[in-house]
Amino acid sequence: MTFAVEEINRNSTLLPGVKLGYRIFDSCGQYPWSLQGALSLVAGDSYSCDQSIPLLIGGATSTASMILSSVLEPVSVPIISYLASCPCLSDRTKFPNFFRTIPSDIYQARVMAQLVTHYNWTWMGAVIDDSDYGHLAIQVFQEEIEGKGICLEFIETLNGGNIVRDSRRAARTIQASTVRVILIFCWYTLIRDMFLELSKRNVTDRQFLASESWSTSDDLLKDLAISKVANGVLGVAIKSSTIPGFENYLRDLHPVHRSDDEFLQEFWENEFGCNPSLSNISPSSPAKWSIQKFLPPCSGTESLKGVQHPFTDTSHLRISYNVYLAVYAAAHALHSLLSCSDTERPSGSNSSTCSSPKHIKPIELLQHLNRVNVTTPQGDMFHFQGSDIPAKYDLVNWQMNSKGQLNLVLIGHVDGLDHHVDESAIQWSTGSNQVPVSVCSESCPPATRRANRKGEPLCCFDCIPCAKGEISNKNDSLQCARCPDEFWSNVDQTACIPRELDFLSFNETLGITLTTAAVSGAVVTTAVFVVFLYYRQTPMVRANNSELSFLLLLSLKLCFLCSLVFIGRPSVWSCRFQQAAFGISFVLCVSCLLVKTLVVLAVFRSAQPGAGALMKWFGPGVQRGSVCFFTSVQVIICTVWLCLSPPVPERDLGFQGSKVTLKCAMASVVGFSVVLGYIGLLACTCLLLAFLVRKLPDNFNEAKLITFSMLIFCAVWVTFVPAYISSPGKYVVAVEIFAILASSYSLLLFIFAPKCFIILLRPQRNTKKHLMAK
């Protein structure tokens, strides 16, 4: 402060013709002493100046500043603090006469929150001073991290009156916690005890974030007992600067020229081990005399020019620079007050001219401080925003050297809400450049969602995989998004992709299998047809109307081949043709069997007395006509159905999966039911009649074969209905094809296999005598 005052007094442009004076009061950290010094200043006691303009630079703590501001507010005495950072002092309604050259703790807490967010630390702990400083700082920090997914597992407090007990409790909490990054808002005097406790417990893998109150403490940096614990500390520090000429000013100090400076006297004794002013010692100071009487007198050649001491190190001035700014703010406000024009006159001033050095009121100086713009000799500019100045900080890192000592390294700076960090220059608590990880739960990757654990903080969660058809394409998703109906999740479940069209094709295994079965059935039927055609004159073929047998084989072949129409991509015409072909082919087949059964019944009934004319009604023409009649009925049903409400190709989105089933949708269930019902009616009639004539005397009664084949036929189609309804996607088509093939094979095998066996392997039984034998 004295350096700044002397520098201003030598400045010919700032306050020309005016010299500043000062008085220094040592409060010794006691609030009553601070108040006593302030009141003494206001009263103007012991002044040698021509005009007393009360202006306070102080106090050093927020509490002291609040007391001083409240007491001096009625007389409008301005107070400029260089170290009081409590956010409460920004309230202009309570402290209108207060200013400061240190940023409010609000900005420091915001910077801390920005760093935590920047490094993705979501699981943290905090240790705070049990005072307004600590509680207000952590309150602002919690407000800043709200809604950002950051949790505080614990908040421990340290009280200077119970520091040993509090330090042990905090150390136990830190040791037991899974937190790896810990925020500390405390005075440096309290930190050492806690670090010593952590060192005893060998807790050296925690990353500490330091507030400006201890981030640059020389006492902690030089303490080797805590170096392993404190290694890697990342801190917010008061912005450092240099003051040209200040180092020379300090090194030129000498007790001879400042005989009333007790601090300089004691410093000289400790540094050089001699008494600089033995002749000036007063016997009324026994404690001081007992120390000094054993020291030899100084030679007078002692000097601070070659001394390396923290007090002479001006390379990184922080609090000292705040004091320097406070003096210049007062000087510029006074200069503005003394040199203002009429347009610049403060509101409420009734004087026609600006104030003179002999007529200055504190309220006028206060008004000019509110709008002062300060430019220091170094070119630094700042102004007060209410009681505060724009927030500027340094970011520092404690790094251990090869000797095990901690060095303070500047790694970045903060200007307002913007921070710039040299990431490569940081040495973390692990001793490497790898950013430490502090999370309760690892981040949930894409394709998963977060599920909070019951009874635990929001930062503790489990990662639940998204269900099929849902996606999550970012980390830590709270919900999985369901894909639209025509889309499905990809393999990674990070994007929705269009569903693939799915239908029973000739290229897939199921399609190939069914195609092979159908073609094989058609080939076997053709082979049987050829055998029957070759042996058409034999009794086995001619028995029971060979013409119906050939027609039955033709209809079976059509049944096998119609199943192929169901395979492949559905189209408008294929959907119509497949049901018509199916319905007509099977009616033709069943009609042949029904007529065959009626012929068997008529033959044996005609052998009875009085029934000889019965066969006249069942001649070949009637048999052909009956088959045509039964088949034409089905043709009419299919025609009406396909004309009024035919099946159409449709995308089936009901079956959840990565594919959309393209199928032939039954626009009219009634039409399809009538087709199946008609086939069922003929089949049941045929089965009933065949069952009735199964025991008629004959060595080769075809009714038995028809009975067995129709039993299988009916069983297949009765089973078909529930299977068809319950089958998903393309398997509906596969079920219908299976039913067609199964029923067709049953008819082919049970009716024609025995006949082929006799024709080809037992020709001696292929005689009329053998067939008619009872």
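Predicted model: local features only at pLDDT ≥ 70, side-chain atom pairs only at ≥ 80, totals over all residues.
**Exercise 1. Getting started**

Find how many disulfides a search of the whole structure gives, and check that Cys86 and Cys88 form one of them.

Solution. Begin with the total: the search of the whole structure turns up 8 disulfides. Next, look at the sulfur atoms of Cys86 and Cys88, which are 2.4 Å apart. A disulfide needs two cysteine sulfur atoms within 2.5 Å, so a pair at this cut-off or under it counts. Cys86 and Cys88 therefore form a disulfide.

**Exercise 2. The link of Cys86 and Cys88**

Work out the handedness of this link, and decide for each cysteine whether it is buried, partly exposed or exposed.

Solution. Start with the S-S bond: the angle about it is 130°, and the link of Cys86 and Cys88 is right-handed. Now turn to accessibility, where buried means under 20% relative accessible area and exposed means over 50%. Cys86 has 3% relative accessibility, so Cys86 counts as buried. Cys88 has a relative accessible area of 27%, which means that Cys88 is partly exposed.

**Exercise 3. A link between loops**

Describe the disulfide of Cys274 and Cys298: its sulfur distance, its handedness, and where its two ends lie.

Solution. First, the distance: the sulfur atoms of Cys274 and Cys298 are 1.9 Å apart. Second, the handedness: with 90° about the S-S bond, this link is right-handed. Third, the location: Cys274 sits in the loop between helix H11 (262-272) and helix H12 (286-292), while Cys298 sits in the loop between H12 and helix H13 (319-339). The two cysteines are 24 residues apart, and the pair links distant parts of the chain. Finally, both Cys274 and Cys298 are buried.

**Exercise 4. A loop joined to a strand**

Explain why the disulfide of Cys444 and Cys463 is left-handed, and say which parts of the chain this pair ties together.

Solution. The sulfur atoms of Cys444 and Cys463 are 2.0 Å apart, and the two residues form a disulfide. The torsion about their S-S bond is about -95°, and this is why the disulfide is left-handed. Cys444 lies in the loop between strand E13 (418-421) and strand E14 (448-452), and Cys463 lies in strand E15 (residues 461-465), so the pair ties together parts that are 19 residues apart in sequence. To finish, compare the two ends. Cys444 is buried because its relative accessible area is 0%, whereas Cys463, with 33%, is partly exposed.

Technical notes
Residues numbered from 1 in each chain as written. Heavy atoms only, no water. Buried < 20%, exposed > 50% of the residue type's maximum accessible area, 1.4 Å probe, protein only. Helix = DSSP H or I, 4+ residues; strand = E, 2+ residues; numbered from the N terminus.
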